[in-house]
Amino acid sequence: MKHFYLTTAIDYANGKPHMGHAYEKILADVIARYQRLCGQKVHFLTGLDEHGQKVQQTAEKEGITPQQLCDHVILDFKNMCDLLHISYNDYIRTTERRHRAVVRDVLQKLFEKGDIYLSEYRGFYCPRLEQFLQKKDKVKGRWPEELGEIIEISESNYFFRLSSYRPWLISYIEEHPNFIFPRFRARQVLEFLKTEVNDLCISRPQERLAWGIPLPFDERYVTYVWFDALLNYVSAIGYGEERFEDYWPANFHIIGKDILTPAHAVYWPCMLKAMGLEMPKTLLVHGWWLASGEKMSKSVGNVIRPLDYVRHYGADAFRYFVMREMMIGQDCDFSHERFVARYNGDLGNDLGNLVSRLLHMLQRYSHRIIPQMELRETEERVLQQQWQDISQKVSKFYRELAIPMALESLWEMVRSLNRFAEIRAPWQLAKSSDGRDKKKLETTLAIMAEGLRLVATALQPVMPKVSQFICYALGVSLAEDSDLSQDLVWSHRLVGHRVEGPMVLFPRVKM
RNA sequence: CGCAGGGUGGAGCAGUCUGGUAGCUCGUCAGGCUCAUAACCUGAAGGUCCCCGGUUCAAAUCCGGGCCCUGCACCCA
């Protein structure tokens with residue numbers, strides 16, 4: 001069976017995990033979990049990009065080897081994944097043998113095919129920065145003092161014939177509207193492709209950069225950035241082996257808008273084309289989290305620390321917030337006030353309080369046993385009908401990656417359940433000695449419990465632990481590989497089950 | 001300059017592709033309820049959908065023009 005294969009970008013080992021890393025992984029995880037619940041065999045890949053100048057430099061500064069640095073940094077990234085409940089199936093490091101072997105294999109093939117050639121590169125080199133400068137680095141037509149001596153040198157390097165694939169790529173993007181999501185991003189790429197693109201320099205001489213994968217056909221060089229990093233998407237699933245066919249093409253490459261152009265929308269498709277492979281189905285491009293309207297960046301120092309929120313409010317609350325707030329593709333502001341508003345409002349008052357009041361009532365009026373649903377009056381029918389509509393909408397929204405809308409729809413159901421309690425008023429019915437009122441009371445509790453189970457089930461991709469916990473509290477289990485098409489159907493499966501005592505899932509917090 | 005995104009009741013957003021009662025959350029005001037996390041439920045007020053022009057029976061939505069905000073330095077999802 002073909003896998004549903006999705007990837008995040010691999011994180012660069014020269015830094016700590018931040019908001020963007022957390023969001024991208026959560027987004028991927030939500031999609032992965034949803035697909036699993038739809039019966040897909042999901043393969044979710046993430047990983048670490050370990051080579052390159054920055055890593056080499058940082059390691060030197062700290063007096064350790066680059067590999068030691070990576071071995072250390074990876075702990076932070078994996079730890080973040082664990083804390084966020086990221087259900088990746090594979091984690092690739094670009095220093096692993098399986099990756100290096102594929103990179104060298106691909107390079108060799110493309111070299112033999114004539115897609116890679118040796119050429120002279122002439123430019124202005126700054127020994128202090130250990131890199132070439134560009135025209136835009138000039139200030140008032142001169143190189144800035146602080147860069148020290150600048151020398152014009154020419155250097156031989158290997159190039160990939162990117163330019164020859166440009167016409168093909170333009171028509172591919174034009175003919176495949178789903179290739180880049182959201183669609184407006186494709187326009188940007190086409191805009192970029194309007195002007196001539198240069199062939200891509202893919203090597204660095206070992207004297208300048210030792211921390212990389214040597215070119216198989218010329219060991220004096222290592223391969224530079226993209227022919228290393230991008231290939232993780234195929235090296236991790238056994239490129240060259242038989243099993244590769246079970247995974248490729250990827251359903252989603254999930255990336256930030258910064259690495260769409262040119263890396264993922266230009267280099268990668270052309271590389272794949274050169275390799276004779278199919279294109280990934282969709283590049284899913286998300287925007288950036290801003291802090292009070294400003295870009296979050298290490299240099300400005302206004303970085304939101306996701307793990308602080310996870311620690312205080314739980315991973316699922318954090319997952320809920322980022323999924324509820326950000327329309328995929330747009331930028332979105334992260335502010336503490338908004339977080340607390342969502343937390344107290346949606347999670348505490350609406351969902352958490354619903355759980356709390358229902359469990360209280362079940363304890364008080366039904367000895368913690370979920371009673372029969374015997375009556376079926378207009379109110380009950382309306383509620384069930386509403387769930388039919390909502391569950392369909394939610395599934396549609398999940399499929400279309402409109403996750404904030406999926407959650408909004410689910411919350412309609414939460415509110416309807418709270419409203420239903422108000423209409424039926426079990427606390428009134430409990431005072432009556434009429435047998436019919438007793439049935440009404442029982443039915444009300446049973447209906448609310450089932451409604452809550454359905455909401456929790458549909459919420460599972462976004463809030464896996466909370467969903468499971470609510471179901472557990474209602475006396476049933478919820479597996480991560482259960483079948484949504486079954487579990488989202490209104491049922492009587494809770495009847496007779498013993499429930500947990502009252503609990504507070506999301507204690508209110510002060511601003 | 002160019003490119004891209006955005007400009008919708010007090011705040012934050014959806015709706016724009018595929019024209020047809022302007023929707024959601026929060027906030028405000030009034031009321032209800034007491035099972036519940038001072039929660040929940042009901043009702044109300046509040047909008048020239050940035051501006052101008054065009055197409056159309058009909059425009060937030062399509063077309064033309066203009067204004068304003070943001071991003072396109074290193075780092076970075």
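Phe111 counts as partly exposed because its relative accessibility is 30%, where buried means under 20% relative accessible area, exposed over 50% and partly exposed in between, with a 1.4 Å probe and protein chains only. The model is predicted, so local features need pLDDT of at least 70 and side-chain atom pairs count only at pLDDT 80 or more, while totals for chains, interfaces and linings use all residues. Residues are numbered from 1 along each chain as its sequence is written, chains are lettered from A and ligands numbered from 1 in the order in which they are written, and side-chain values use heavy atoms, with hydrogens and water left out.

The structure holds 36 aromatic pairs; rings of Phe, Tyr and Trp (its six-membered ring) pair if their centres lie within 6.5 Å, and planes under 30 degrees apart count as stacked, over 60 as edge-to-face and the rest as tilted. Phe111 and Tyr158 form an edge-to-face pair, because their ring centres are 6.1 Å apart and their planes stand at 75°. This pair links distant parts of the chain, with Phe111 in helix H4 (residues 97-113) and Tyr158 in strand S7 (residues 151-160), 47 residues apart; helices (H or I, at least four residues) and strands (E, at least two) are DSSP runs, numbered from the N terminus. Tyr158 has 5% relative accessibility and therefore counts as buried.

Trp226 and Tyr267 form a tilted aromatic pair, at 6.4 Å centre to centre and with 55° between the planes. Trp226, at 25% relative accessibility, counts as partly exposed, whereas Tyr267, at 13%, counts as buried.
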